[in-house]
Amino acid sequence: MTSTKLPIWLRFFLLVGVAVFAAGAGLLAYRYYTRPATLTVAVGSTDGEAAKAMSAIASELVSTNAPVRLKVIDSGTALEAANAFSSGKVDLAVVRGDVGDLSQAQAVVVVSHVVVLIIAPPGSSIDSIDGLKGHTVGVVGGAANAKIVDVLTREYDLASAKVAFTNLALTDVRQAILSKQVGALLVAIPLAEKYLALVRGFFQLDHKKAPVLIPIESAGAIAENERAFESFDVPKGTLRGAPPVPEDDLTTLRTSLYLVAHKKLGTDLVTRLTQAIMSVRRDLLREQPIFAQITAPSTDQDAYLPLHPGAAAVYNSTTQSFMDEYGNWIYLTPMVLGGAATMLAAAWKFLGIGNRATEGPLDSLYALARRIRKVEAEAELSDIEEEIDGILKAERAKSAAGDESAVDDATLNVAAHRLESLIHDRRTLIAKGPAVASAAYATHRGTAIAGTTE
């Protein structure tokens, strides 16, 4: 009914509007689905280097058009970063294994390893933990190293030995050593040249003066009780090469610096994040060698910090195959195309294109039957008879010429005979008077409508 009432130009513009709306909605849906996911990551360190390193990764993700982006939030310290993560303020965090509440954390990558160094100034007589008795140890990093101070105090009973610990800001370390406010320093740093140079700068060093690295001989026992730590041997000559400091491999504690994600974060999202980070890591190595320390966390079931399933899929090579990832699209595409074809067919029909085919002779004859029932004058019936004769003559000519589209004579004769009967009946009614003819037509129309309703 709509296609017969609305003009074709209006139907055309309606369909164009629907098509534009559908295309716009599809484009918005595609842009929404393929847009890069942005995750917030909290990071903090006393020297600010952690935030700079993570910002470099975030920038590289943007430049490589990675599917995941990072918004770096500098929390100031590792402890504050851990607190922001545990409170749910961020999606990710760079945290130390020994700092903060990590009950909701799952590992994505190991950013670096942090080694505990206890260092006495050049010329000091302190060469062991026992030698710290009655001295003050300056803790560089403050609250972030509270766990280390706690486990050392308990393991070596440093409280009874009257060993005091005081937090030092980076800017105060050198003055504290020169004024002998502290007898040793405790630092936890990655064994990278940038941080080793920072430690050397705390002391006035020359070939005759070398700081003393103090071993933590009970590191293995501590690691058994405190799974955040592991025993680690600092290689000979790490702090200085000639003469070497330390003179031999030195036992101490080590913990890891992780990029962690919340357990609730989607598996596919973390998979894309892990792949992106491990990819840009290779590019960043040229500029900052410290990124070489980015490695995969432990994949053991009993690892201290469990691995996020999304990251595990990358490290265990269990990421989805092409068919796993796109199988649904391959299955659904024919269905979508079929639906689109149906819609196009409906639109074509709505426009009425092709519906108005050229009327054939039978269509013309059937249309004359409707005209005959409405005729009010004898002259009109004569005109109709001439039209019928013209149609029959044209069809017989086509048939004689061998035209296959011509209607056969038998069918034409049946149609013509029916029309002749209608004309005869109509002449009879007209002869009785116009009022009778009109009443007959109204009666015929009412009967037809009633039949349709039934």
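E380 is placed in helix α13, where helices are DSSP runs of H or I of at least four residues, numbered from the N terminus. This is a predicted model, in which local features need pLDDT of at least 70, side-chain atom pairs count only at pLDDT 80 or more, and totals for chains, interfaces and linings use all residues. Residues are numbered from 1 along each chain as its sequence is written, and side-chain values use heavy atoms, with hydrogens and water left out.

E380, D383, E386, D389 and E420 form a negative surface patch. Patch members have over 30% relative accessible area and no salt bridge, and like charges are joined within 9 Å; a salt bridge is a side-chain nitrogen of Lys or Arg within 4 Å of a carboxyl oxygen of Asp or Glu. Helix α13, residues 378-400, gives the most to this patch, with four residues. E380 has a relative accessible area of 39% and is therefore partly exposed, a class lying between buried (under 20%) and exposed (over 50%), with a 1.4 Å probe and protein chains only.

I8 belongs to helix α2, residues 8-34, and counts as partly exposed because its relative accessibility is 46%.

## E60 in helix α3

E60 lies in helix α3, residues 49-63. With a relative accessible area of 18%, E60 is buried. Leaving aside residues up to four places away in sequence, E60 touches V280, D283 and L284, contact meaning heavy atoms within 4.5 Å.

How values were computed: Patches are made of residues with over 30% relative accessible area and no salt bridge: like charges are joined within 9 Å, nonpolar side chains (Val, Leu, Ile, Met, Phe, Trp, Tyr) within 5 Å. Accessible areas come from the Shrake-Rupley method with a 1.4 Å probe; for residues, only the protein chains shown count as cover. Lys and Arg count as positive and Asp and Glu as negative; His and the chain ends are not counted. The place of a charge is taken as NZ of Lys, CZ of Arg, CG of Asp or CD of Glu. Helices (H or I, at least four residues) and strands (E, at least two) are DSSP runs, numbered from the N terminus.
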